[in-house]
Amino acid sequence: MNRGRFIPNIIKHYGVLYETDRGWTCEVNLVAWNGGEPKLDIRTWGPDKAKDIGKGVRLAKEATIKLHDILGSIVESEE
């Protein structure tokens, strides 16, 4: 294991939420970090994804399902 260094393996790219003027994107991906279990990952990435990694959040499957339900209820209440 690489101590102090996080190595992402983007398994599946789902989409881009937004892009900054500097070329960074906020993306939704399925990512395995340092060979670990793939998780839903929402974070900012720079142009060089190997070293430009911003802050984000990783969600296990159960948390992803719960977030989906919460977002669905928000959308329904706004209609």
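Q: What does the side chain of Thr25 make a polar contact with?
A: In this predicted model, the side chain of Thr25 makes a polar contact with the side chain of Glu27, at 2.7 Å.

Q: Where is Thr25 found, and is it buried or exposed?
A: Thr25 is found in strand 2, and it counts as buried because its relative accessibility is 10%, while the cut-off for buried is under 20%.

Q: And which residues does Thr25 touch, if we skip the ones up to four places away in sequence?
A: With those left out, Thr25 touches Val16, Tyr18, Glu19, Arg43, Thr44, Trp45 and Lys49.

Q: Back to Glu27, then: which residue does it form a salt bridge with?
A: Glu27 forms a salt bridge with Lys49, and the closest N and O atoms of the two are 3.0 Å apart. Glu27 lies in strand 2 whereas Lys49 lies in the loop between strand 3 and strand 4 (53-59), so the pair ties together parts that are 22 residues apart in sequence.

Q: Are those two buried or partly exposed?
A: Glu27 is buried, with a relative accessible area of 5%, whereas Lys49 counts as partly exposed, at 30% relative accessibility.

Q: How many salt bridges does a search of the whole structure find?
A: The search finds 2 salt bridges. One of them is the pair of Glu27 and Lys49, and in another the side chains of Arg43 and Asp41 meet, with 2.8 Å from N to O. Both Arg43 and Asp41 are buried.

Q: What about strand 2 itself, which sense does it pair in with strand 1?
A: Strand 1, which covers residues 8-19, and strand 2, which covers residues 25-33, pair in the antiparallel sense over 9 bridges.

Q: How many residues sit between strand 1 and strand 2 in the hairpin?
A: The hairpin has 5 residues between its two strands, and Gly23, in the turn, has a positive phi of about 90°.

Q: Which residue other than glycine has a positive phi?
A: Asn34 does, with a phi near 50°. As background, most residues other than glycine have a negative phi. Asn34 is found in the loop between strand 2 and strand 3 (39-45), and it counts as partly exposed because its relative accessibility is 28%.

Q: Changing topic, where is Gly56, and what is it in contact with beyond its neighbours within four places in sequence?
A: Gly56 is found in strand 4, and, leaving those neighbours aside, it is in contact with Ile42 and Arg43. Gly56 counts as partly exposed, with 45% relative accessibility.

Q: How many Å apart are Gly56 and Pro38 in space?
A: From C-alpha to C-alpha, Gly56 and Pro38 are 15 Å apart in space, and they are 18 residues apart in sequence.

Q: Last one, about the surface: which residues make the nonpolar patch?
A: The nonpolar surface patch is made by Ile70, Leu71 and Ile74, and its area is about 260 Å². Leu71 has its place in helix 1, which covers residues 61-78, and at 45% relative accessibility Leu71 counts as partly exposed.

Definitions and conventions: Residues are numbered from 1 along each chain as its sequence is written. This is a predicted model: local features need pLDDT of at least 70, side-chain atom pairs count only at pLDDT 80 or more; totals for chains, interfaces and linings use all residues. Side-chain values use heavy atoms; hydrogens and water are left out. Two strands pair if DSSP finds at least two bridges between them. Buried means under 20% relative accessible area, exposed over 50%, partly exposed in between (1.4 Å probe, protein chains only). Patches are made of residues with over 30% relative accessible area and no salt bridge: like charges are joined within 9 Å, nonpolar side chains (Val, Leu, Ile, Met, Phe, Trp, Tyr) within 5 Å. Accessible areas come from the Shrake-Rupley method with a 1.4 Å probe; for residues, only the protein chains shown count as cover. A salt bridge is a side-chain nitrogen of Lys or Arg within 4 Å of a carboxyl oxygen of Asp or Glu. A polar contact is a pair of N or O atoms within 3.5 Å; within protein, one must be able to donate a hydrogen and the other to accept it, and residues adjacent in sequence count only if both atoms are side-chain atoms. Contact means heavy atoms within 4.5 Å.
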